[in-house]
Amino acid sequence: IMTHGDDDGLRVPPAIAPFQIIIIPMLREGPEDAALIGYCEELRARLAAQTAKGAPSYLYHFSYIAEAYRAQAKSAGHATEIPYVWKMWTSPVGNVGEGDKPVAELMHSCWASFAKTGRPCALWPAYAAESDQLMEFSAESGVRTGFKKAQFTAQETVGLPLLKLGE
């Protein structure tokens, strides 16, 4: 499992990822949004830990905000990684400026490597629950261990029951 597959994005071949899952939190700009995002991130980590037919899973978090949008954006939005994956300098979800190109070069090289070999770039490890590592694409991209673990644990034990999802 590498990334979501939508009409405009990357489609992972069935031999590599026979199931593609998209988690879309329906935010309401209210106090419950943080709990819902936390739940979605935890669910994503759990799904990534369950590999299909022994194939490795590669978990990532995209938090990079393009230089042109940093004044108004607090976080990376849905699908804003797509121009970086494909090195699309102009796109409907935002343009990639000169200062943003190193992140695009890194992401593109990782995705191209995955398409060619079934493994992304060398520094991106396969996900394993024991090591709990993912690749974060940000202003300072790199491997993260226990990414937001304290927040996810708090969301699961405190915030998630407040959502009453099973009721």
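1. E136 is buried, with a relative accessible area of 11%. That value falls under the 20% cut-off, which means the residue is classed as buried and not as partly exposed. The model is predicted, and this value, like those below, is computed from it.

2. What does the side chain of E136 meet in a salt bridge? The partner is R144, at 2.8 Å from N to O. R144 is partly exposed, its relative accessible area being 23%.

3. A second salt bridge is formed by K87 and E105, whose closest N and O atoms lie 3.3 Å apart. The two residues belong to distant parts of the chain, 18 residues apart. K87 sits in the loop between helix 2 (82-86) and helix 3 (101-117), whereas E105 is in helix 3 itself.

4. Are K87 and E105 buried, partly exposed or exposed? K87 is partly exposed, at 28% relative accessible area. E105 is partly exposed as well, at 39%.

5. E98 and K101 also form a salt bridge, with 2.8 Å between the closest N and O atoms. E98 is exposed, with a relative accessible area of 62%. It is classed this way because the value is over 50%.

6. How many salt bridges does the count give? It comes to three.

How values were computed
Residues are numbered from 1 along each chain as its sequence is written. This is a predicted model: local features need pLDDT of at least 70, side-chain atom pairs count only at pLDDT 80 or more; totals for chains, interfaces and linings use all residues. Side-chain values use heavy atoms; hydrogens and water are left out. A salt bridge is a side-chain nitrogen of Lys or Arg within 4 Å of a carboxyl oxygen of Asp or Glu. Helices (H or I, at least four residues) and strands (E, at least two) are DSSP runs, numbered from the N terminus. Buried means under 20% relative accessible area, exposed over 50%, partly exposed in between (1.4 Å probe, protein chains only).
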